[in-house]
Amino acid sequence: MKRIALTFGTLILAAALFFTGTYTSIELVAYRDTFYQKQYEKNRVVEATGISEEELMRITDEMQLFLQGKRDNFNIIAVVNGTEQSVFTQNEQSHMMDVQQLFIRYRTVRNFAVVVILCCAVFLIFRRFRVTVIRMFRNAAIIVLSCFAILAVCGLFFFEPMFLAFHHIFFSNMNWTFSIYESVLINMLPESFFIACAVRIAIYNIIFLSVTAVGFGIVLGTVKNKQIREIL
């Protein structure tokens, strides 16, 4: 019974680490202006959209506010090919409303996951639970790190099918299919942009989980050695 409880607790903690690491990594990428600027230059977005770099960065700021829930709609006005107009079509705006809801819900799950992690960490105060909780943190980080490594390898070879599957799972309508010849959104954020996002998110997660696994592994060894010395 005790083993089952420990296994269940480790899996819960693993889920909490997964959601915490993943969404925090997404935030580090999605709200970093320098990342967008480099991607716009690399993908020649100014030429593809007819929007100046200054306007692109202003649009990006509005996008970020929208994803954080600080802007009510995605009807952004900007100068496109010398004319001030609404940048995105109704379908693009509708899709981004769905994306916003996904961001907000995932943020809520991440915040709950952080609470779970903190609650588990509280038990480190109590000597009788210390070794068990440290081992749970270490094992949970190793589990998530292994899963993430598998996802990263799959993404390396099957990014497009996984990207399409993600959209089919999380978006109930088909308003996310756009033509590269007509859509400003798809020209601003092409597939290469999302590949760059995925790479950075994977790197941030792997660093976070590796530090957690190694850190708690070292602490576990230190605590156990201390207990042995006390017994002797």
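Which helices each supply at least two residues of the lining of the second largest pocket?

A: In this predicted model, α1 (2–30) and α6 (127–170) each supply at least two residues of that lining. The second largest pocket has a volume of about 170 Å³. Ten residues line this pocket, and those closest to its centre are C120, F123, T132, V133 and M136. By class, seven of the lining residues are nonpolar, two are polar and one is charged.

Helix α1 also takes part in an aromatic contact. Across the whole structure, a search finds 17 aromatic pairs. One of them joins Y23 and Y106 in a tilted arrangement, with 5.3 Å from centre to centre and 55 degrees between the planes. Because Y23 lies in helix α1 and Y106 in helix α5 (residues 90–122), this pair ties together parts that are 83 residues apart in sequence. Both partners are buried: Y23 has a relative accessible area of 1%, and Y106 has one of 18%, which counts as buried because the limit is under 20%.

A further tilted pair is formed by Y36 and F193, at 5.4 Å centre to centre with 40 degrees between the planes. This pair links distant parts of the chain, since Y36 belongs to helix α2 (residues 33–42) and F193 to helix α8 (residues 191–231), 157 residues apart. Y36 is buried at a relative accessible area of 5%, and F193 is buried at 3%. Y36 and F193 also belong to one aromatic cluster, together with F35, Y40, F159, F163 and F194.

Note on methods: Residues are numbered from 1 along each chain as its sequence is written. This is a predicted model: local features need pLDDT of at least 70, side-chain atom pairs count only at pLDDT 80 or more; totals for chains, interfaces and linings use all residues. Side-chain values use heavy atoms; hydrogens and water are left out. On a 1 Å grid over the protein atoms alone, a cavity is a set of points where a 1.4 Å probe fits but cannot get out, and a pocket is an open set with protein on both sides within 12 Å along at least five of seven lines; lining residues have an atom within 4 Å of a point. Grid points are joined across faces, edges and corners, and a volume is the space filled by probe spheres set on the points. Helices (H or I, at least four residues) and strands (E, at least two) are DSSP runs, numbered from the N terminus. Ala, Val, Leu, Ile, Met, Phe, Trp, Tyr, Cys and Pro count as nonpolar, Asp, Glu, Lys and Arg as charged, and the others, Gly among them, as polar. Rings of Phe, Tyr and Trp (its six-membered ring) pair if their centres lie within 6.5 Å; planes under 30 degrees apart count as stacked, over 60 as edge-to-face and the rest as tilted. Buried means under 20% relative accessible area, exposed over 50%, partly exposed in between (1.4 Å probe, protein chains only).
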